[in-house]
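Subject: Structure handover

Hello,

Here is the structure we talked about. Please open it first, then read the notes below it.

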Amino acid sequence: MSRQPVASPVREPGSLRPIRAAPARPPAAAANPTFGLHYWALGLLAAVPALLAALVFLLPDERLPRGPHVSLGPLLGALLVALVAATVVVHFLDYPAWSQPLVGLLPALGLFLPAAVLHGEILAQINGDPDPVVAVPLLATWLLLAAGAIVAAAAVVVVARHAPSFAGTALLPPPILLAWALVLTPRFTEEAVARGLGAACALVAAATFVAWVAPAAWRPFVPLAALALQFAAFWALGLRWPAFAGAVRPVIGLDVALFVALVLAIAPAPIWAAWMRREGWADLRRLFER
C-alpha cells in the first residue's frame with residue numbers, strides 16, 4: 001500500500017518557523033449584512049406597519065369604482081387590532097430588529113394620535129378667544145399628548161435594546177404626527193387631516209426602510225433627515241405656521257416644547273437603548289421581581 005507524499009511546510013528564508021497561510025476571507029455578501037435579498041426583505045417588513053397606516057388614512061378618500069365606501073374609523077380600528085396581534089407575535093420572537101418600528105407605531109397610533117387629533121380640533125375652535133377658561137380642555141389634551149409621547153418613548157427604548165442603532169427611527173412617528181396636527185389647525189377638516197396623516201405615515205415608512213439599509217453609524221441621522229424633508233414639504237405645499245391668538249398661545253408654547261423634546265430625543269435614543277441593554281433592563285427585572 002503506497003503512501004501519498006506529504007508536502008513539507010514552507011519556511012521563511014533564514015528561519016525555522018513555517019509560513020502560515022492567510023485565512024480565507026468571506027465574500028462581500030457575507031461580510032456586509034446589508035447586502036442580500038433576505039436583508040432587504042426584512043427592511044420592507046419593518047416599513048410595512050407605517051405603510052399600512054398610510055393606506056388606511058388615504059384609502060377612505062378614494063372613490064373606488066366598485067365596492068362599498070369604507071370609512072376611516074373601522075379601518076383604523078382594524079389596523080390597531082392587527083398591530084396588537086403582530087406585537088404579541090414579535091414578543092415571542094424576542095423582538096427582532098425589524099419589529100422595532102412596529103412597537104413604536106402602536107402607541108403612536110393608539111394613544112398619541114387620538115390626543116393629537118382632539119387637541120387640533122379644540123385648538124381650531126377656540127383660536128382667538130381671549131377667555132382663559134377655553135384653554136382648560138386644550139391643556140387637558142396636551143397632558144394626554146405628553147403621556148402618549150412618554151409611553152411611546154419608553155416602549156421604544158425598552159424594545160430597542162435588541163438593536164440600539166434603530167431606536168431613533170422607531171421614535172419618528174410622534175413628532176411628525178404632531179407637526180401635521182399643528183400645521184393643519186386652521187383647516188382642521190377630516191379630509192385634510194386624513195391626507196396629512198397619510199403623507200406622514202408614508203414618510204415614516206420610507207425613512208424606516210432607508211434607516212434599515214443604511215450603515216449603522218448613519219441610522220440615528222435618518223429620522224432627523226426625514227423631519228427636515230417634512231418641513232421642506234410644508235414649505236413646498238404652502239403650509240405655513242398658522243397664526244394663534246388669545247388664550248391658546250401658552251398651550252401652543254407647550255406644543256412647541258413637546259415637539260422639540262421629541263426631536264431632541266431621537267438623536268440620543270440609541271444611547272439610551274444601549275444603556276437599557278447593558279444595565280437598565282437588568283435593573284428593571286430586579287425591580288419587578290421584588
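From the N terminus on, the elements run α-α-α-α-α-α-α-α-α-α-α. That is 11 helices and zero strands, where helices (H or I, at least four residues) and strands (E, at least two) are DSSP runs numbered from the N terminus. This is a predicted model, in which local features need pLDDT of at least 70, side-chain atom pairs count only at pLDDT 80 or more, and totals for chains, interfaces and linings use all residues. Residues are numbered from 1 along each chain as its sequence is written, and side-chain values use heavy atoms, with hydrogens and water left out.

Of the 290 residues in the chain, 42% are buried. Buried means under 20% relative accessible area, exposed over 50%, and partly exposed in between (1.4 Å probe, protein chains only). Among contacts (heavy atoms within 4.5 Å) between residues at least 6 apart in sequence, 75% join residues at least 24 apart.

Leaving aside neighbours within four places in sequence, L109 is in contact with A53, F57, L79, L80, L83 and P114.

I176 is also one of the buried residues of α7. In that helix (residues 173-183), 11 of 11 residues are buried. What covers them includes α4, α5, α6 (167-170), α8, α9 (222-237) and α10 (249-266).

Beyond neighbours within four places in sequence, T141 is in contact with A115, L118, H119 and I122.

Last, the largest pocket. Its volume is about 240 Å³, a volume being the space filled by probe spheres set on grid points, which are joined across faces, edges and corners. A pocket is an open set of points on a 1 Å grid over the protein atoms alone, where a 1.4 Å probe fits, with protein on both sides within 12 Å along at least five of seven lines; lining residues have an atom within 4 Å of a point. Of the 13 lining residues, the closest to the centre are L72, V117, E121, V193 and L197. The elements giving two or more residues to this lining are α3 (72-92), α4 (100-126) and α8 (190-213).

Regards
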